[in-house]
Structures are given as C-alpha cells and as structure tokens.
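Welcome, and please take a moment to look over the sequence and the 3D structure.

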Amino acid sequence: MKLFDVYPINPINIIQGIGSLVYDSAGTEYLDLYGGHAVISIGHTNPHYVKRLEDQLHQIGFYSNSIEIPLQKQLAEKLGHVSGKEDYQLFLCNSGAEANENALKLASFYNGKKKVIAFSGAFHGRTSLAVAVTDNPKIVAPVNETDNVIFVSWNDELALEQAFAANEISSVIIEGIQGVGGIQVAPEGFLQKIRSLCDANNAVFIADSVQCGYGRTGKFFSHDFAGVNADIYTMAKGMGNGFPVGGIIISPKILPAYGMLGTTFGGNHLACAAGLAVLEVMDRDNLMKNAAEVGGYLITELKKFEKVKEVRGRGLMIGIELPAELAHVRKELLFTHHIFTGEAKPNVVRLLPALNLTKAHADRFLEAFATLVK
Ligand SMILES: Cc1ncc(COP(=O)(O)O)c(C=O)c1O
C-alpha cells in the first residue's frame, strides 16, 4: 500500500527533538521555529511531559466517556486557572476542526438559529462545517457547500452590521490572529464590535484559538487583548504538545444536556495527561511571559530590516511579509541554515516556535535571516 499523496513534503527525516532543536537521520541539527504547525508549545520531549505520559501509559491509556475520568476535572481546573476563565465549562475532543465543528453546532443548539458569520482569509479546519467557514473554495468539496455561511470582509464593521440585519445569525467565528491567512491581528475594536452585536442579537461569539491561543501571544487567548470575552473558545495544537488534544471552553450561560456533544477518543486518560503536563510546564516556567518577551524582541529586531515589507503578530506568533524578490528566503532558511519556519501566501514567513524559545535561539534566527535579506 502507498500513502495518499496530499502533502508537499520536504525531504527531511526528523528522528529526534529536544526543546526547540530537532535532528534528522544524518544527525543534522535544525532550529525549530515552526513546531509542526504551532503544535509544539513546551518544546520537544520536555522531560516533565515525557514522564507524565509514560507514567500514565503504565496505569491506563484509554477508557471512554462512560466512566469517571478524574484527570478531565483536573485538566478543566488547571485550564480555568491558567486561562483566567474559571467559570467556563470544558468539552474535550481531538483536533482543531473538531473543536470548531462542536462550537458551531453548540451555538446553533443554544439559540436555534442557522447562519454563521465568518471572515475573509479565515481558516477553521477541513471537516464539514469547519471547512464551510474557511475562506478557501479549493478545499471546500461540493458536499460541504452551504447557504448557512456569510463571509464578511476582515475588519469591515459596516458589513458586519449589515450581515446581522435579518436577525438570523447563530454565531460569529473569528481567529484572534489569522494564521493561515498570513498573521493578521484582529483589531481590538472589531472584536468589541462582534461582542456587542452578538449580545444585541442573541448570537454566539466563537473565538477560534486553535493556532493563536494557548499562551502563544503572551496572553492565554489572543482575543483577550480586546478586553471582551467570547462565549466559546476553541483550542487544539499547543494543548497537547504533539499529542492530539482539542477542546472548547464554554460560557456558563450555555447549558449542557446529555447527548448534545460527544466523542469516543476525546478526553481520554493519555490526552488529559498530555494536556495537564503542558499547562503545568507553562505555569511553572512562566511561558506566557517568555512568549511575550522573546516574541517582542524578535518583532522589534525584524522591523529593523529595510527589505522586510511588514512584520505582524504578537508574542511568538509572527508573520514576516517579504517582497517577491525574497521569495527564496524560507527555503534557504531551511536548507542552508537549517531553520524550520512556516509560510503563508503570498510571501509571508510564519514563526510559531515553542513558547520557551530562548533569546539565544532567537538571535541564531536573526543572524541567519540577516544574511538572506541584506
Ligand atoms: C485557526 C485554525 N483553526 C482550526 C484549525 C484546524 O485544526 P486541525 O488541523 O487540528 O483540525 C487550524 C489548523 O491549522 C487553524 O490554524
């Protein structure tokens, strides 16, 4: 059997990782400023994480949601503490798309309405409703097409108000910082406008925090910079540091009912152990502060390069927009300087490293970058 060939692959076989460094099968060291799509939040093979997962494996790896799993309650408590959303409710699942799928569905159960507002440039995942609210027709199959989604231009308050006019909006879904869309920070006023329109129209504000959340920007949720709460926050990626864990946290105003949501794998023992280990390390090592400091340093230094068109982002979620003549930079970072970064169209280098990235590693990147954009 061969693999279903859907990914353009770099010819690199990574066999080991420690912190922000990874090593290929020939022993070459790479600096990882991408964390496999923003997933590695506390560093590769973090010792506390490895031990917690190993210990859990020796006890029990999985049982379904038909029994008590005290680890889930511990995770909810810790998450409430670290995120500051102590009165929210946690539902655990397995991926970002599944988190968004559940959030959109829950919103519709809550207010009985059908229409969803999403934004130009948005990416919310590849499952049916998640892909329908994603602004990329190429990945929407005919079966996913629906009249229930209204796309509004990014940061267009007037269009947003107009979309609400018919009072049939169930929810609004927005990333605090668009990731795939090229690291576009949602203006604080725009998030506040969404909050007030949702309040006025009994609609649910869904904060997609799959990529921009979990402490990456220096605050637990990047939407928090606007000083307003969303009704549902969706999470995945950094939540398990590589173990597939997703979840949504839900405002106390939305009440649960048996059978409303469900999953076989979500919230299993191993997933909870991974989730707890991540939060324990974040808390113990003050990683949100580190993300703000090292990220702030990188953004300041990157803005000094004349040839860079724009530097966008917050904390350790950074987009470096380059002119077309520097389109080769990302490839050279990888193959010449052995530094992993991400990309966004048309020509944005995306940095999404672990939250404990050191200043020394940031400098190693800046030096390599300088040789390429001089
Ligand atoms: C903002 C955002 N939402 C949702 C998703 C989908 O997450 P997953 O790939 O875990 O389904 C992603 C993935 O890149 C994302 O960036």
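## Before you start

This is a predicted model, in which local features need pLDDT of at least 70 and side-chain atom pairs count only at pLDDT 80 or more, while totals for chains, interfaces and linings use all residues. Residues are numbered from 1 along each chain as its sequence is written.

## Two domains

The chain splits into domain 1, made of 14-42 + 286-373, and domain 2, covering 48-284. These bounds come from an automatic or database domain assignment. Between the C-alpha centres of domain 1 and domain 2 there are 26 Å.

Where the domains touch, 24 residues of domain 1 and 25 residues of domain 2 take part; two residues are in contact if their C-beta atoms, placed from the backbone, lie within 7 Å. On the domain 1 side, at least two residues each come from α1 (35-38), α9 (287-302), β13 (310-314), β14 (317-321) and β17 (348-351). The most, 5 residues, come from α9. By class, this side of domain 1 has 14 nonpolar, 6 polar and 4 charged residues. In this scheme Ala, Val, Leu, Ile, Met, Phe, Trp, Tyr, Cys and Pro are nonpolar, Asp, Glu, Lys and Arg are charged, and the others, Gly among them, are polar.

Two packed helices are described by the angle between their axes and the distance between the axes. Axes are lines fitted to C-alpha atoms, for helices over the stretch in contact, and angles run from 0 to 180 degrees between N-to-C directions. Angles under 35 degrees count as roughly parallel, over 145 as roughly antiparallel, 65 to 115 as roughly perpendicular and the rest as oblique. A crossing is left-handed if the near helix is turned anticlockwise from the far one by less than a right angle, and right-handed if clockwise.

Helix α2 (residues 47-59) crosses helix α8 (residues 269-284) at roughly 155°, with the axes coming within 9 Å. The pair is therefore roughly antiparallel, and the crossing of α2 and α8 is right-handed. Among the residues that meet are His 48, Tyr 49 and Arg 52 in α2, and His 269, Leu 270 and Ala 273 in α8. This contact holds 10 nonpolar, 3 polar and 2 charged residues.

Helix α3 (residues 70-83) also comes within 9 Å of α8, axis to axis, but at an angle of roughly 25°. α3 and α8 are therefore roughly parallel, and their crossing is left-handed. The residues involved include Leu 71, Gln 72 and Leu 75 of α3, together with His 269, Cys 272 and Leu 276 of α8. Here the classes are 9 nonpolar, 4 polar and 2 charged.

## Helices α6 and α7

Helix α6 (residues 157-164) packs against helix α7 (residues 188-200) at about 15°, with the axes 11 Å apart. They are therefore roughly parallel, and α6 passes α7 in a right-handed crossing. Glu 157, Leu 160, Glu 161 and Phe 164 of α6 meet Phe 190, Lys 193 and Leu 197 of α7. That contact has 4 nonpolar, no polar and 3 charged residues.

## Around the ligand

Which residues come nearest to the ligand? Of the 15 around it, they are Gly 96, Ala 97, Gly 125, Val 210 and Gln 211; a residue is near if its C-beta atom, placed from the backbone, lies within 6 Å. Helix α4 (residues 96-111) gives the most to this shell, with 3 residues. The shell divides into 5 nonpolar, 8 polar and 2 charged residues.

## Two backbone details

Most residues other than glycine have a negative phi, and most peptide bonds are trans. Thr 45, in the loop between α1 and α2, has a positive phi near 45°. Lys 345 and Pro 346 are joined by a cis peptide bond with omega about -5°, and Pro 346 sits in the loop between β16 (342-344) and β17.

How values were computed:
Helices (H or I, at least four residues) and strands (E, at least two) are DSSP runs, numbered from the N terminus.
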